[in-house]
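Biologist: I have a new structure to read. Please take me through it feature by feature.

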Amino acid sequence: ENFIDELVNVAEDDRLVGSVGCKILSPNQTVWFSQKFTNGGFIVPFLLQTLVGKRIDEISNKFTVNLSNSGCAILLRKSVIDKIGCYDEDFRSNWEDWDLGYRINLAGFKSVQIPKSLVFHVGGGSEGFSPERCVKIYRNMLFTYFKNYDDFNLIVRFPFLLLILLP
């Protein structure tokens with residue numbers, strides 16, 4: 001009830017907020033999504049998320065400024081979208097929301113997450129969790145970094161990311 005109002009109130013408090021997301025629960029009431037994916041300025045691979053469960057719970061339960069918000073439940077500021085464009089059609093699905101979030105940040109706006117649980121998400125949608133989808137997700141993760149990072153960050157961060165994601 002009133003979940004859109006919750007997101008709008010946060011955006012109205014700060015004109016630099018380009019997107020507002022929330023904690024997303026799976027049907028069994030566990031956290032499906034919070035800022036566990038983009039912790040510390042990096043995309044955190046699924047394996048590492050399981051190793052830092054306590055830290056993920058801490059992040060999930062506080063207001064954070066982050067790299068991006070899940071497209072499952074996001075409020076986007078129209079003036080920001082008018083400036084940077086919307087979803088990149090090269091992605092089609094899987095990670096297009098993260099690419100948009102990076103571009104919001106690169107344009108000087110913030111992506112914030114409130115710790116309130118406002119929506120439920122079944123996850124995987126019509127695509128499920130096939131090996132083909134996993135390949136597409138990792139391809140799009142890498143493409144997001146490659147297309148949005150400046151030369152310095154490509155040299156410094158991209159090799160580290162490849163070491164984490166490729167195995």
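Modeller: We start with the overall layout, then turn to a strand and a pair of helices.

Modeller: This is a predicted model, where local features need pLDDT of at least 70, side-chain atom pairs count only at pLDDT 80 or more, and totals for chains, interfaces and linings use all residues. Residues are numbered from 1 along each chain as its sequence is written, and side-chain values use heavy atoms, with hydrogens and water left out.

Biologist: How many helices and strands does the protein have?

Modeller: Helices (H or I, at least four residues) and strands (E, at least two) are DSSP runs, numbered from the N terminus. Here there are eight helices and five strands. From the N terminus, the order is α-β-β-α-α-β-β-α-α-β-α-α-α.

Biologist: What share of the residues is buried?

Modeller: Buried means under 20% relative accessible area, exposed over 50%, and partly exposed in between, with a 1.4 Å probe and protein chains only. Of the 167 residues in the protein, 43% are buried.

Biologist: How covered is strand β1?

Modeller: Strand β1 spans residues 17-25, and nine of its nine residues are buried.

Biologist: Which strands does β1 pair with?

Modeller: Two strands pair if DSSP finds at least two bridges between them. With β5 (residues 110-120), β1 forms eight bridges in the parallel sense. Lys23, for example, is bridged to Ser117 of β5. With β4 (residues 74-76), β1 runs antiparallel over three bridges. There, Gly21 has Ile74 as its bridge partner.

Biologist: Now the helices. How do α5 and α6 cross?

Modeller: Two packed helices are described by the angle between their axes and the distance between the axes. Axes are lines fitted to C-alpha atoms, for helices over the stretch in contact, and angles run from 0 to 180 degrees between N-to-C directions. The axes of α5 (residues 96-106) and α6 (residues 131-148) come within 10 Å and cross at roughly 20°. Therefore α5 and α6 are roughly parallel (angles under 35 degrees).

Biologist: Which residues make the contact?

Modeller: Contact means heavy atoms within 4.5 Å. α5 brings Trp98, Asp99, Tyr102, Arg103 and Leu106, while α6 brings Thr144, Tyr145, Lys147 and Asn148.

Biologist: Is α5 mostly covered or mostly open?

Modeller: Mostly covered: eight of the 11 residues of α5 are buried. Among them are Trp98, Asp99, Tyr102 and Arg103. Just after α5, Gly108 takes a positive phi of about 95°.

Key
Parallel < 35°, antiparallel > 145°, perpendicular 65-115°, else oblique.
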